Amino acid sequence: MNDAVTKPRTKVRTKVERPRMHKVILVNDDYTPREFVVTVLKAEFRMTEDEAYKVMITAHRRGVCVVAVFTKDVAETKATRATDAGRAKGYPLLFTTEPEE
């Protein structure tokens with residue numbers, strides 16, 4: 001007779017969580033020309049002319065507008081690059097990020 005003790009096999013399943021998403025937000029100001037904002041949106045966020053115009057006009061009317069949603073690193077990089085593009089031309093253009101709920 002076999003006196004060996006057998007252990008039950010357990011499988012460990014690791015759950016992979018999706019990364020937390022962050023919103024890139026365009027903050028309106030009264031000094032940056034609308035055309036320049038549209039140009040930055042097209043260049044940095046790969047928007048069409050119509051999409052960029054709608055985002056710019058929404059930010060103009062409401063004070064802020066969500067531009068896009070990305071992972072944290074991508075959102076911060078795009079917001080910084082877009083803000084820096086405005087600063088390079090002497091405009092107070094501002095893009096911020098915040099976690100998506």
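Helices, meaning DSSP runs of H or I with at least four residues, and strands, meaning runs of E with at least two, are numbered here from the N terminus. The model is a predicted one.

Begin with residues 49–62, which form helix α2: its 14 residues reach 20 Å from the first C-alpha to the last, close to the 20 Å expected at 1.5 Å a residue. Then select A52, V55, M56, I57 and A59, the buried residues of α2, and display their surroundings, where these side of the helix packs against β1 (21–27), α1 and β2 (64–71). Step past the end of α2 to G63, which follows the helix and has a positive phi, near 100°.

Next, show the strands, of which three form an open sheet in the order β2-β1-β3 with antiparallel pairing. The edge strands are β2 and β3 (94–99), each of which pairs on one side only, and the twist from one strand to the next averages 30°. Between β1 and β3, which run antiparallel, there are six bridges; to look at one of the bridge pairs, select V24 and its partner T97 in β3.

Finally, select α1 (residues 34–45) together with α3 (residues 72–88), whose axes come within 10 Å and cross at roughly 145°, in a right-handed crossing. At this contact F36, V40, E44 and F45 of α1 meet K78, R81, A82, A85 and G86 of α3, a set that divides into five nonpolar, one polar and three charged residues.

Methods
Residues numbered from 1 in each chain as written. Predicted model: local features only at pLDDT ≥ 70, side-chain atom pairs only at ≥ 80, totals over all residues. Heavy atoms only, no water. Axes fitted to C-alpha atoms, helices over the stretch in contact; angles between N-to-C directions. Left-handed = near helix turned anticlockwise from the far one by under 90°. Contact = heavy atoms within 4.5 Å. Nonpolar A, V, L, I, M, F, W, Y, C, P; charged D, E, K, R; others polar. Expected span 1.5 Å × (residues − 1). Buried < 20%, exposed > 50% of the residue type's maximum accessible area, 1.4 Å probe, protein only. Pairing = 2+ DSSP bridges.
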